[in-house]
Every structure is written in structure tokens, then in C-alpha cells.
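Reader: I would like to learn how to read a protein structure step by step. Could you show me the model and take me through its features one at a time?

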Amino acid sequence: MIKAILVFNNHGKPRLSKFYQYFNEDMQQQIIKETFQLVSKRDDNVCNFLEGGSLIGGSDYKLIYRHYATLYFVFCVDSSESELGILDLIQVFVETLDKCFENVCELDLIFHADAAHQVLDELVMGGMVLQTNMADILCRLQEQNKMQKAEAGISAAPARAVSAVKSMNLPQQLRDMRLPDLPQAIKDLKF
């Protein structure tokens, strides 16, 4: 099972984090800091697996990571997960982000965190891998974007109605409206 997914830059600043086990905010920050220290000290020519830090579970857990340009993608997993499977999952995650943002970079994760979390939620939910087929993930994301645009159209309808009413010259139309003489209108009514 996946315990946490962390993405941070070369300076240890978290850009995306998802914990599938409860940790309070302070503990999450400590885990991110410890994980960064463990991963960033390693040479580029060593394997991408290492024992989890003392805060994330020690030897019962593994840190599996990939370093792309300025970002580290780290998955904290228990012993039941396959290291090579998780490396492939990281690759699928990065490639999917790349397709969504057209050459993903650190700024995409900062300014479009909701979209990055949406991609992550299509891959992993509750610490379990849901989908690894990038085409299916992109299809689901496109469907969600269509629904969001449709909802935006519906939610924008009241605003469009207000602007249409404001653009109408109602005071002038009210002045131009002719009301019948009330005494004559009363006479015309038949009881």
C-alpha cells in the first residue's frame, strides 16, 4: 500500500503532497523534510529505492523516487508494493502530467495544484493503485473538464441574466409604459 506521495523541488520545497495515512500538519512537514534529506543526498547513479525514514515507518517502508530536472517524485510504500511497479507508476504520473500541461514544470504544479491532484487521484486512491493506462486517465480528465465547463455555464447563467437586465433601459421603459385610467378600468370590470 502507498503511504504517501511527495513531490518537492531541489531545495526541499513541497510542490505536491498526498498522505494516505493520517499525520498532523507538523508531522507531515517533518516527514517531507526528512524524506528530502534522505533522497537529495543520494548520487544520480545509485538505485532509486531506499529504506523509509524514521518518521515514515523505518525499515517497514521504502522510499521509491525519480528525479526529473528540478523535481523529486517520491512514493512512500510498504513492503507489499513492487519497487519496479512503483517506478513505472511514477513514470506514468509524470508522463500524464506532461500531457496535461504540455511539458510540465514546477510552476504548473504550483499554479495548477488542483489539476495535478486530479491526475494523482486518477492514478491512486486511498493508497491503492487505480489506473496505470495513460490513455484512460487522460480520457477521464477530459470528461471531468467537460463537466466542469458545463457546470460553469450553468453557474454563470444568473450572472448573464443580471448583466442582460442591467443592459436593458428599464427606467425609460417604465416611463414610456402607458397605464389605463383606473376609473375607466374599474368600470370595464364586470362583477
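Author: Let us begin with strand S1 (residues 2–9), in which 8 of the 8 residues are buried, so the strand is largely enclosed by the rest of the structure. Here buried means under 20% relative accessible area, exposed means over 50%, and partly exposed lies in between, with a 1.4 Å probe and protein chains only. Strands (E, at least two residues) and helices (H or I, at least four) are DSSP runs, numbered from the N terminus. This is a predicted model, in which local features need pLDDT of at least 70 and side-chain atom pairs count only at pLDDT 80 or more, while totals for chains, interfaces and linings use all residues. Residues are numbered from 1 along each chain as its sequence is written, and side-chain values use heavy atoms, with hydrogens and water left out.

Reader: Which strands pair with S1, and in what sense?

Author: Two strands pair if DSSP finds at least two bridges between them. S1 pairs with S5 in the antiparallel sense over 7 bridges, and asparagine 9 stands opposite leucine 71 in S5. S1 also pairs in the antiparallel sense with strand S2 (residues 14–19), over 5 bridges, where leucine 6 has serine 17 in S2 as its bridge partner. The hairpin of S1 and S2 has 4 residues between the strands, and glycine 12 there takes a positive phi near 85 degrees.

Reader: What is the order of the elements from the N terminus on?

Author: The protein has 7 helices and 7 strands, and from the N terminus on they run β-β-α-β-β-β-α-α-α-β-β-α-α-α.

Reader: How many aromatic pairs does a search of the whole structure find?

Author: The general idea is that rings of Phe, Tyr and Trp (its six-membered ring) pair if their centres lie within 6.5 Å, and that planes under 30 degrees apart count as stacked, over 60 as edge-to-face and the rest as tilted. In this structure the search finds 6 such pairs. One of them joins phenylalanine 36 and tyrosine 72, whose ring centres are 6.4 Å apart and whose planes stand at 80 degrees, which means that the pair is edge-to-face. This pair links distant parts of the chain, since phenylalanine 36 is in helix H1 (residues 25–40) and tyrosine 72 is in strand S5 (residues 71–78), 36 residues apart. Both phenylalanine 36 and tyrosine 72 are buried, and together with Phe8 they form one aromatic cluster.

Reader: What kind of pair do phenylalanine 73 and phenylalanine 93 form?

Author: Phenylalanine 73 and phenylalanine 93 form an edge-to-face pair, at 5.8 Å centre to centre and with 85 degrees between the planes. Distant parts of the chain are again linked, with phenylalanine 73 in strand S5 and phenylalanine 93 in helix H2 (residues 83–101), 20 residues apart. Phenylalanine 73 has a relative accessible area of 3% and so is buried, and phenylalanine 93, at 0%, is buried as well.

Reader: What lies over the face of tyrosine 61?

Author: A charge sits over a ring if NZ of Lys or CZ of Arg is within 6 Å of the ring centre and within 35 degrees of the ring normal. In this case lysine 3 lies over the face of tyrosine 61, at 3.9 Å from the ring centre.

Reader: How should I read phi, and where does alanine 69 lie?

Author: Most residues other than glycine have a negative phi. Alanine 69 has a positive phi, near 45 degrees, and it lies in the loop between strand S4 (61–68) and S5, where its 69% relative accessibility makes it count as exposed. Glutamate 102 also has a positive phi, of about 55 degrees, although it is not a glycine; its place is in the loop between H2 and helix H3 (106–111), and at 66% relative accessibility it counts as exposed.

Reader: How many disulfides does the structure hold?

Author: A disulfide is a pair of cysteine sulfur atoms within 2.5 Å, and the structure holds 0 of them. Cysteine 76 is buried, with a relative accessible area of 0%, whereas cysteine 100 counts as partly exposed at 34%.

Reader: What share of the residues in the protein is buried?

Author: Buried residues make up 34% of the 191 residues in the protein.
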